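Here are a few exercises to work through with the model open. Grab your viewer and try each task before reading its solution.

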Amino acid sequence: MKKPILILKLGTAAITRADGTPDEPVMVDVARQVAKLHQDYHIAIVSSGAVGMGRQFIRGFSGKISERKAAAAIGNPILINKYAQFFAPYGINLALSLCERQHFSQRNQFLQLRETFETLWAQDIIPVANENDVVSNLELRFSDNDELATLLAVGLGADKLLLGTSVPGLYNREGKVVKEIANFDEEVLGLANKTKSSSGLGGMISKLTFARLASRMGIEVMIFGARENDGIILAAEGKTGTRCLAQTSSLSARMKWIASSSLVAGRVIVDAGARKALENRNSLLAVGVEEIPFPFDKGEVFEVCVENQSPFALGRARINSQALQDQAKAHDLILAHADEIVLL
């Protein structure tokens, strides 16, 4: 019987000391807990920490992009070797997967990535993923590993996404951990602490942002303290941290990819009639487009808005924006087919 899929993300502060060196007792315990869950789940680990582990080798490290890239190049082999060392007593082999944003934005590349993960799981090997910082450029990089973990969870069809951090979960205004989130309203999002760890990129705002996306795609998300005793095991059981309930989702795998993994290339402003048509699950016609603030090419994903409002849909373009402008009055010209439009 096929195992359910679990994605575990571990932040920099969760597995390293303040100076960026590996916190080996913590990593040993991570291996113990993951080895236990490995019996029941196909697991992928998204692990931060490479930059922290490599920065000690960069003289005068100041944190600028080129130095972070160099530190990641040094730190990634250290990171995977440490994990391999601590998983070895359980007879579990690991594979390093360095991901780039384009691996998700180009569907053919993502399908190859998914096939590789499935092949590793068939051999009982656990992939350890991180961003390929050495070649990722500023415009196309992941915002942080919370995003990478979420894109993997959505794209691979995970049942659970565990976001391990240095705090026990999301705190309410009284300083107590919020046990469950059923709806990501303004009150919940307002609880996010805007601070982040000194060595990491993300923070609670990032975790809530991507937890909201994953839960909308039918994935249960746990935000938990990775250093808690048996924290990973308890998070998988929904018994610690902040549990973000999975929402009912009927989207196909392709539609989930459009909604979560695609790089949004452009934007169109549509009239009220076009919005109503899309909400009734019809295609977007050229005649309903009023403005093209950001151009796009055929096959790229674009946002759909009405004037002065946030995007309410994403679509995959059948024609480029120049052709759309040239044929704007054509009543039967389809910009995006209903099968490739996702309402947000």
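**Exercise 1.** Find out which residues of α4 are buried in this predicted model.

**Exercise 2.** Check the span of α4 against what its residue count should give, then locate its bend.

*Solution.* Start with the count: α4 covers residues 65-87, which is 23 residues. At 1.5 Å a residue, the helix should span 33 Å. Its end C-alpha atoms are 32 Å apart, so the two agree.

**Exercise 3.** Look at phi for Asp124 and Arg281, and say where each residue sits.

*Solution.* First, the background: most residues other than glycine have a negative phi. Asp124 has a positive phi of about 60°, and for Arg281 the value is positive too, near 70°. Next, placement: Asp124 is in the loop between α6 (107-122) and β4 (126-131), while Arg281 is in the loop between α12 (272-279) and β10 (284-285). Last, accessibility: Asp124 comes out at 42%, so it counts as partly exposed. Arg281, at 38%, is partly exposed as well.

How values were computed:
Residues are numbered from 1 along each chain as its sequence is written. This is a predicted model: local features need pLDDT of at least 70, side-chain atom pairs count only at pLDDT 80 or more; totals for chains, interfaces and linings use all residues. Side-chain values use heavy atoms; hydrogens and water are left out. Helices (H or I, at least four residues) and strands (E, at least two) are DSSP runs, numbered from the N terminus. Buried means under 20% relative accessible area, exposed over 50%, partly exposed in between (1.4 Å probe, protein chains only). The expected span of a helix is 1.5 Å times one less than its number of residues. The bend at a residue is the angle between axes fitted to the seven residues ending there and the seven starting there.
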